[in-house]
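Subject: A structure for you to look at

Hi there,

Here is the structure I promised to pass on. Please open it and have a look around, then read on for what I found.

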Amino acid sequence: MEVVCPIDEKCAPEIAALLQPPPPREIQDYLDQLLASREGCRLKVRQDGDFGKGVYADVDFKEGELLLRDQMLFGCQHPSNKIDCLVCSFCFRFIGTLELQIGRRLFFQDLGLSSSHGCDTGSCSNVSNEHGASDSSDGDDVTDEKIYEDSRTCASGSKRAKVPLPKEIVESLMNGEMVLPYSDKFSLPPVTPCSGGCQEAYYCSKACADADWNSFHSLLCTGEKSEAFSTKALLRFVQHANETNDIFILAAKAIAYTILRYRKSKAILLSSYMKDTAHVMDNFHMPLLLEAWKPISVGHKRRWWDCIALPEDVDPSEEAVFRMQIKELAFTSLQLLKAAIFDKECEPLFSLDIYGQIIGMFELNNLDLVVASPVEDYFLYIDDLPSPEKEEAKKVSQPYLDALGDEYALCCEGTAFFPFQSCMNHSCHPNAKAFKREERWSSNDSGIEAHFEGRRGHHFIHRGGFTL
């Protein structure tokens with residue numbers, strides 16, 4: 001049966017306006033302003049009527065030289081990975097202490113909850129359906145890349161059995177009673193809890209906590225101070241996303257982001273009018289919503305159920321059924337989200353068409369988010385110590401390494417959408433790479449740094465041209 005969303009018909013003109021790409025000049029102005037805000041950026045975005053957007057270098061670059069430091073617009077850690085890695089919910093920096101990171105891993109591992117799959121990341125989303133299909137694809141449809149690249153592997157090459165530690169030892173790590181030798185060399189920022197009171201989001205600083213709250217989390221928090229319409233409904237939405245496809249969490253962030261931008265612009269507008277505010281909103285409601293939507297409007301989109309690749313285990317004769325299942329899955333998620341954070345003035349955002357286009361934008365553009373674990377660096381540091389310091393340190397550290405086993409260095413893994421990277425297309429012969437520089441952590445630092453080898457005037461990202 002065909003999925004029908006009432007809002008699609010009710011708000012058809014508004015939805016069409018939101019999905020209509022902005023005029024080229026408007027896109028160019030927006031991207032130029034965004035580029036101007038990027039640190040040391042020497043790039044230009046140009047538009048081609050046949051091929052879309054492309055990124056060009058204004059100067060010559062040497063191999064390994066910084067090309068672009070792009071700030072993510074939307075990002076999330078995979079829910080299963082939260083068991084293994086405690087990171088800032090805004091910038092994805094590891095937080096707490098080295099002992100806390102190891103203690104949490106061992107605690108959940110003993111409960112049988114550790115994901116323990118190393119640093120091999122998947123696609124931006126994984127669909128759970130009766131076919132057991134994954135919604136990743138090859139070629140031009142999906143451009144997933146790893147943000148973090150390292151010459152080292154994330155875990156040792158040889159398999160070894162895990163040697164469990166007593167419960168009281170694990171607890172001493174988590175509560176700070178146990179301090180590992182040389183762990184002060186790998187200090188992490190203290191854990192800052194969510195100001196809304198939820199037990200899901202944690203941060204590296206108040207700056208990151210405030211930025212996340214103002215951008216998305218105030219509407220998506222399940223705590224007592226949440227601004228969601230219904231936190232119970234929100235919990236149901238999150239549970240559904242965790243059980244089916246965590247890309248829905250990212251789509252919810254995009255909708256919450258747009259609603260909060262709209263509300264802020266509306267408050268500023270109405271503050272300049274003393275009366276007849278209803279008449280003002282009649283004239284400015286849609287322009288305000290379009291402006292709030294602008295950062296998403298410039299991204300290349302298709303409906304998720306149209307652009308998702310057909311999994312290998314799905315027979316081509318079943319393609320129509322498969323795509324309908326994906327559409328139904330999205331509609332179920334949307335209905336749960338609508339019950340949680342619906343805003344009447346932003347009703348078009350809760351149409352299935354909009355929701356599908358947002359997820360499709362992520363499917364076509366997202367990067368895998370991978371941040372290396374400090375736990376790996378710690379054990380490598382111990383291994384590189386000179387004698388007799390190495391032997392003394394290993395008397396304490398080796399039992400923890402043995403308890404962690406081969407998966408001792410699991411990375412933070414997730415998915416993220418970046419404005420300028422989304423202007424880039426995939427190539428099997430890239431002249432650029434994207435990753436996170438470990439030394440560049442700072443408050444509100446949620447960007448990636450891309451390095452590439454190119455020449456003046458060469459567009460390194462373009463359909464058929466030089467690419468990531």
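Let's start with the whole chain. Of its 468 residues, 53% count as buried. Please keep in mind that this is a predicted model. The chain holds 14 helices and 11 strands. If you take the contacts between residues at least 6 apart in sequence, 75% of them join residues at least 24 apart.

How confident is the predictor? The mean pLDDT of the chain is 84, and 82% of the residues reach 70 or more.

At what angle do they pack? The angle is about 45 degrees, and the axes of the two helices are 10 Å apart. On the helix 4 side, the contact is made by I102, R105, L106 and Q109, while helix 14 brings Y400, A403 and L404. Sorted by class, this contact has five nonpolar residues, one polar and one charged.

Now go to V87, which sits in the loop between strand 4 (74-77) and helix 4. Is V87 buried or exposed? Its relative accessible area is 5%, and because the cut-off for buried is under 20%, V87 is buried. Leaving aside neighbours within four places in sequence, V87 is in contact with Q77, F92, R93, F94, I95, Y202 and C412. Take Q77 from that list: V87 and Q77 are 10 residues apart in sequence, and their C-alpha atoms are 8.7 Å apart in space.

One last stop is S333, which you will find in helix 11 (residues 319-341). Why does S333 count as buried? The reason is its relative accessibility of 0%, since anything under 20% is called buried. Not counting residues up to four places away in sequence, S333 touches F237, H240, F248 and Y355.

Best wishes

Methods
Residues are numbered from 1 along each chain as its sequence is written. This is a predicted model: local features need pLDDT of at least 70, side-chain atom pairs count only at pLDDT 80 or more; totals for chains, interfaces and linings use all residues. Side-chain values use heavy atoms; hydrogens and water are left out. Helices (H or I, at least four residues) and strands (E, at least two) are DSSP runs, numbered from the N terminus. Buried means under 20% relative accessible area, exposed over 50%, partly exposed in between (1.4 Å probe, protein chains only). Contact means heavy atoms within 4.5 Å. Axes are lines fitted to C-alpha atoms, for helices over the stretch in contact, and angles run from 0 to 180 degrees between N-to-C directions. Ala, Val, Leu, Ile, Met, Phe, Trp, Tyr, Cys and Pro count as nonpolar, Asp, Glu, Lys and Arg as charged, and the others, Gly among them, as polar. pLDDT is the predictor's confidence in each residue, from 0 to 100.
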